[in-house]
Amino acid sequence: MASATSPLARRPYYGSCHCGYTRYVCYLTLLPAIIHPNAPTNNTRICKCNCTTCHKTSLFHVRLGDAPNDFILLSPTNPSAHWFFCGKCGVRCFVFGPGEQHGETVEIDLEGWLGRRSEGKSTKVWRPKKEAWAEDKDTYLSINAPSLDAGQEGLDLREWHEKGWIAYLDQLDQKENNRLDVPYRGGMY
């Protein structure tokens, strides 16, 4: 478990759906550099939205600081909907949008991308398009936190709540500012 005194470290975390067909890797910085309900977009942001879609699908958003450089989808390599879910087991691992799809299928050196010693082998992945990316309300990628694989070093979803790292968003009524303490009407812890 990370603590408030541990150094910031950007590191890769693996995620998947229930059946393992959908697999991804994302870079997160835990403890987030800025813990504020309106953290800047170039920072890992952890939030829960109270809109009916997020509430009914139990989305627990982890917004990446630099999605084109922080996320790759290993399988499948052709997501076609911005509220993506696994076509085999139905688990929602991530969402992107709500605008048009801003992703591409590319070949990368996966070991090099992960910061490991590489033999130069290329792997086909899907990722957000770097040249079209401008993180805002119309262009984003949000990981569904429970789809991060359990047991990874430094990853403890309970800690996020206990440390007050979760921003609660009022997207249902759109009357309140983001806050860190409790969810809004229709939201959840």
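In which strand is asparagine 144 found?

## Asparagine 144 and its strand

In this predicted model, asparagine 144 lies in strand β9, which covers residues 141-144. Asparagine 144 counts as buried, its relative accessibility being 7%. Leaving aside residues up to four places away in sequence, asparagine 144 touches Tyr24, Ser58, Leu59, Phe60, Arg92, Cys93 and Phe94.

## The largest nonpolar core

The largest nonpolar core has 30 residues, and those with the most contacts inside it are Cys26, Phe71, Phe94, Leu141, Ile143, Leu148 and Trp160. At least two residues of this core are supplied by each of the strands β2 (23-29), β5 (71-75), β6 (94-96), β9 and β10 (166-169). It is β2 that gives the largest share, with 3 residues.

Leucine 141, named above among the residues with the most contacts inside the core, has a list of partners that includes Val62, Leu64, Ala67, Phe71, Phe94, Val95, Phe96, Trp126 and Trp133, as well as Arg63, Pro128 and Glu135, again not counting residues up to four places away in sequence.

The structure holds 0 disulfides. For cysteine 17, the closest cysteine sulfur is that of cysteine 86, and because the two sulfurs are 3.7 Å apart, they are too far from each other for a bond, the cut-off for a disulfide being within 2.5 Å. Cysteine 49 is likewise in no disulfide, with the nearest cysteine sulfur, in cysteine 51, 3.6 Å away.

Cysteine 17 is buried, at a relative accessible area of 6%, and cysteine 49 also counts as buried, at 10% relative accessibility.

Conventions
Residues numbered from 1 in each chain as written. Predicted model: local features only at pLDDT ≥ 70, side-chain atom pairs only at ≥ 80, totals over all residues. Heavy atoms only, no water. Buried < 20%, exposed > 50% of the residue type's maximum accessible area, 1.4 Å probe, protein only. Helix = DSSP H or I, 4+ residues; strand = E, 2+ residues; numbered from the N terminus. Contact = heavy atoms within 4.5 Å. Core = buried A, V, L, I, M, F, W, Y, C linked by side-chain atoms within 4.5 Å.
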